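Open the model in your viewer and keep the sequence panel beside it. The stops below say what to select and what is there.

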Amino acid sequence: MRTLNIVGCGRAGRTFARVFHQAHAFVVQDLYDINHAAARACAQFAETGAPVRRVGQMRPAQVWLIATPDRAIVETAGLLIAEERVAQGNVVVHLSGATSSLDMTAAIEAGAHAGSFHPVKTFADPGYAAGSFPGTYVALEGDKKALKILRVALRKAGARVFEIESRNKALYHAGSVFVCNYLCALLEAGLRCYDAAGIRLETAYKLMEPLVRETVDNVFRVGTVRSLTGPIARGDDSVVVRQLEALRGRDRHLATLYRELG
């Protein structure tokens with residue numbers, strides 16, 4: 001098996017340290033995070049890997065996973081090269097759905113193979129994310145060698161992989177933001193309306209859950225258009241006007257959101 005070092009030991013880094021270890025996809029070797037406690041927690045969670053305090057202490061590895069936030073990916077790739085950790089022919093990959101592997105110019109110019117993989121999955125709970133990973137769709141992007149190695153490793157872990165072109169990553173990731181992150185924001189907007197109507201939070205969650213679940217089920221059963229219901233879909237203009245007036249009187253931001261989505 002190929003050796004793997006991980007830089008960035010947050011929720012995603014921890015998840016893949018465990019996933020790759022349990023699937024025997026890589027030999028998880030050294031773990032680094034700017035917060036050393038996170039590296040120690042990653043090793044404990046994954047039951048593998050050696051936490052190190054400095055990038056310069058990381059041993060040679062065939063594959064390097066950068067699991068930092070997007071804003072630190074390019075800088076981290078540059079640091080690995082500056083510290084002479086990455087050798088020619090190594091594979092350097094990151095987890096971002098929006099950043100292209102081509103942005104890791106320092107690694108590419110040093111003769112490394114660059115790639116990325118982006119799981120279409122949330123990592124709010126690393127334990128749950130790792131346990132439920134099999135069957136997850138994962139977008140791959142990068143050069144041929146990086147793609148080949150990622151494809152084999154992720155399939156061992158039970159992923160369903162597909163490829164995306166580097167130039168389309170921002171659009172692809174925006175779609176994931178809409179259906180995941182913005183869904184959370186939209187549900188929060190609904191909760192604020194319920195609160196303004198005098199409904200307690202715990203009650204609001206209870207009455208909201210079946211409606212949300214039925215709507216999501218309908219979308220994947222009959223599509224988005226046929227799942228539309230409510231006053232706008234029915235053409236009940238007077239209801240829409242009353243709702244807008246009520247929202248304007250309470251929260252102009254909610255009123256604007258109502259109009260834009262409508």
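Which residue in S7 does Ser116 stand opposite? Select Ser116 and look across to S7: Glu141 is opposite. Two strands count as paired if DSSP finds at least two bridges between them. Helices (H or I, at least four residues) and strands (E, at least two) are DSSP runs numbered from the N terminus.

This is a predicted model, in which local features need pLDDT of at least 70 and side-chain atom pairs count only at pLDDT 80 or more, while totals for chains, interfaces and linings use all residues. Residues are numbered from 1 along each chain as its sequence is written, and side-chain values use heavy atoms, with hydrogens and water left out.

**The whole chain**

Now show the whole protein chain, which has 12 helices and 8 strands. Its C-alpha trace spans about 70 × 35 × 30 Å along the principal axes. Of its 262 residues, 39% are buried, where buried means under 20% relative accessible area (1.4 Å probe, protein chains only).

**The sheet**

Select the strands. The 8 strands form an open sheet with mixed pairing, in the order S3-S2-S1-S4-S5-S6-S7-S8. S3 and strand S8 (160–163) are at the edges with a single partner strand each, so one side of each has no neighbour in the sheet. From one strand to the next, the twist averages 25°; angles run from 0 to 180 degrees between N-to-C directions, and axes are lines fitted to C-alpha atoms, for helices over the stretch in contact.

Next, select strand S1 (residues 3–7) and strand S2 (residues 27–32). They pair in the parallel sense over 4 bridges, and Val7 has Tyr32 as its bridge partner in S2. Because 5 of the 6 residues of S2 are buried, this strand is largely enclosed by the rest of the structure. A crossover is right-handed if, with the strands pointing away from the viewer, the path from the first strand over the helix to the second runs clockwise.

Move on to strand S3 (residues 50–52), which pairs with S2 in the parallel sense over 3 bridges. In S3, Val52 is the bridge partner of Tyr32. The chain passes from S2 through H2 to S3 in another β-α-β crossover, and this crossover is right-handed.

**Two helices**

Select helix H1 (residues 11–22) and helix H2 (residues 36–46). They pack at an angle of about 30°, with their axes 9 Å apart. Residues in contact (heavy atoms within 4.5 Å) include Gly13, Ala17 and His21 of H1 and Ala38, Cys42 and Phe45 of H2.

**S4 and its neighbours**

Finally, select strand S4 (residues 63–66). What covers its faces, and are the residues there buried or exposed? Both faces are covered: Val63 and Leu65 on one side, and Trp64 and Ile66 on the other, are all buried. S4 pairs with S1 in the parallel sense over 4 bridges, and Leu65 is the bridge partner of Ile6. S4 also runs parallel to strand S5 (residues 91–94), to which 4 bridges join it; there, Leu65 has Val93 as its bridge partner. To get from S4 to S5, follow the chain through helix H3 (residues 73–82), a right-handed β-α-β crossover.

Conventions
Buried < 20%, exposed > 50% of the residue type's maximum accessible area, 1.4 Å probe, protein only.
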